[in-house]
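Please brief me on this protein and its ligand.

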Amino acid sequence: MPEVDLAALFGGQRRALAKAITLIESTQSAHRQAAAALLDACLPQTGGSLRIGISGVPGVGKSTFIEAFGLYLIGLGKRVGVLAVDPSSPLHGGSILGDKTRMERLSREDHAFIRPSPAGRSLGGVANRTREAILVAEAAGFDVILVETVGVGQSEYEVHSMTDLFVVLMQPGAGDELQGIKKGILELADFIVVNKADGEAERMANQSVMHYKNAMGFLNHSGFWTPEVLSVSSLKPRGIDTLWTRIEAYFETGAETIEARRTAQALQWFERLLNDQVAELLKTDPTWRRIYQRNYQAVQHGEMAPPAAAMACLDPLKQALSSTQ
Ligand code: GDP
C-alpha cells in the first residue's frame, strides 16, 4: 500500500484522495492503523463541507439528479464529492456508483470526485468506510459531499447519521407504497424532491408535490427545519437552482444545530466502533474466544441466561484491569 501524500491530499489532488480512500477501504490490520493515523492527520482540515444524503428507489433518477446537481454546483465554483452507501454491493459485487456510464459528464469534471460504495462488507462496514471517506474528502477541500443510497431499508438511517441534510427523491404519480418507500424514510427527509417533472409527467409531478406536502404535515419533525417538497427535472434540467437556494437556506438557518449534530454523530460513531471492536476482540483473542464460546454454548443449551453469560465474558477483562491498578 503506497504512502498517502498528505500535502497533495490537502492540496486537493484527486489522485491522493483516491489513494487515501483505497487505504481506508483496506481490511489489513496494518492498513487500518495507517488509515486511523491518516484520519487523525486530516481532522484539523475537516468539517468544511456540506454533507448531503440522497436516497430514492432504483430508477427514480438518483444518478441523473446527482449529475445535474453536481454540474450545477461546479458551475457555481464548488468542488463536489460523490460517495455511496450501497447495501446491495456485498451481495452481487457491484455497486450503485460502480457502473462507469453513470454520471459520465460529472465524472469528467476536474472539480468532481466520484467514488463507488466499497464492496464485500456488511452495511455497517460500508457505512464506516464512507464516514471516513467524507473526512478525507473534506481534507482535500471538497465543498459539497453527496452521499447516495438506495431507498429500500436500513442504509438510509446510516446515511442520515453521517450527513447534515437528507434528500429523498420520488417519482411523479405513484403513491408511497408503490414506490417502496417506508414512512420511516420520509421522516428522515429534509427535502422531498419529486423528479422527472417534465413532459407529460409534469402535471403528475405537481400533484405529487401537493400529496407529499400533505403527507409530511402528518409526520413528526423536530428541530429547526420544516421539510420542504419540490419538483425538479434532472434531465432538462429544471428546478435545481431553486432546490439549491432552499438547501442554502437550510444550512444558514441550522448552522448551530448542524454543528451540534455533527458532534453527536461523531460520538455515536465512536461508541459504535468501540462496541464493535470489543465484540470483535472477544471473538478473535484466543483466551477470550474460549470464554466467549463457553458462554455462548451455555446460552445455546439453556444453562445460563444471557445477562449472566455476557457478564462472565467480561470477567477476564475486569481481572486484567484490576491487576494493573
Ligand atoms: P437511479 O437508478 O435512481 O440512479 O436512476 P437513473 O438516474 O439511472 O434514472 C432512471 C431513468 O430515469 C433513466 O432512464 C433516466 O434517463 C430517467 N430520468 C432520470 N431523471 C429524469 C428526469 O428528470 N426526467 C425524465 N423524463 N427522465 C428522467
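**Confidence first**

This is a predicted model. The protein averages a pLDDT of 89, and 91% of the residues score at least 70. The protein has 14 helices and seven strands.

- Confidence is highest in helix α11, residues 240–253, at a mean of 98.
- Confidence is lowest in helix α5, residues 89–92, where the mean is 49.
- Over residues 90–94, pLDDT stays under 50.
- For residues 90–94 the model has four contacts beyond four places in sequence.
- Where pLDDT is low, the predicted coordinates should not be read in detail.

**Overall fold**

- The secondary structure comes to 14 helices and seven strands.
- The radius of gyration of the protein is 22 Å, close to the 20 Å that the globule rule gives for 325 residues, so the protein is as compact as a globular protein of that length.
- Along the principal axes, the C-alpha atoms fill a box of roughly 70 × 50 × 40 Å.

**Ligand shell**

**Polar contacts and burial of the ligand**

- Thr-64 uses its side chain: one of its N or O atoms there is 2.6 Å from an oxygen atom of the ligand.
- Gly-59 uses its backbone: a polar atom there is 2.8 Å from an oxygen atom of the ligand.
- Asp-198 places a polar side-chain atom 2.7 Å from a nitrogen atom of the ligand.
- Taken alone, the ligand exposes 580 Å², and the protein buries 69% of that.

**Backbone geometry to check**

- Most residues other than glycine have a negative phi, and most peptide bonds are trans.
- Lys-196 has a positive phi of about 65 degrees, although it is not a glycine.
- Lys-196 sits in the loop between β6 (191–194) and α10 (201–217).
- The peptide bond from Lys-236 to Pro-237 is cis, with omega near -20 degrees.
- Pro-237 is found in the loop between β7 (228–231) and α11.

Key. Residues numbered from 1 in each chain as written. Predicted model: local features only at pLDDT ≥ 70, side-chain atom pairs only at ≥ 80, totals over all residues. Heavy atoms only, no water. Polar contact = N/O pair within 3.5 Å; in protein donor to acceptor, adjacent residues only side chain to side chain. Areas by Shrake-Rupley, 256 points an atom, 1.4 Å probe, with all protein chains shown as cover. pLDDT = per-residue confidence, 0-100. Helix = DSSP H or I, 4+ residues; strand = E, 2+ residues; numbered from the N terminus. Contact = heavy atoms within 4.5 Å. Rg over C-alpha atoms; globule rule 2.2 N^0.38 Å.
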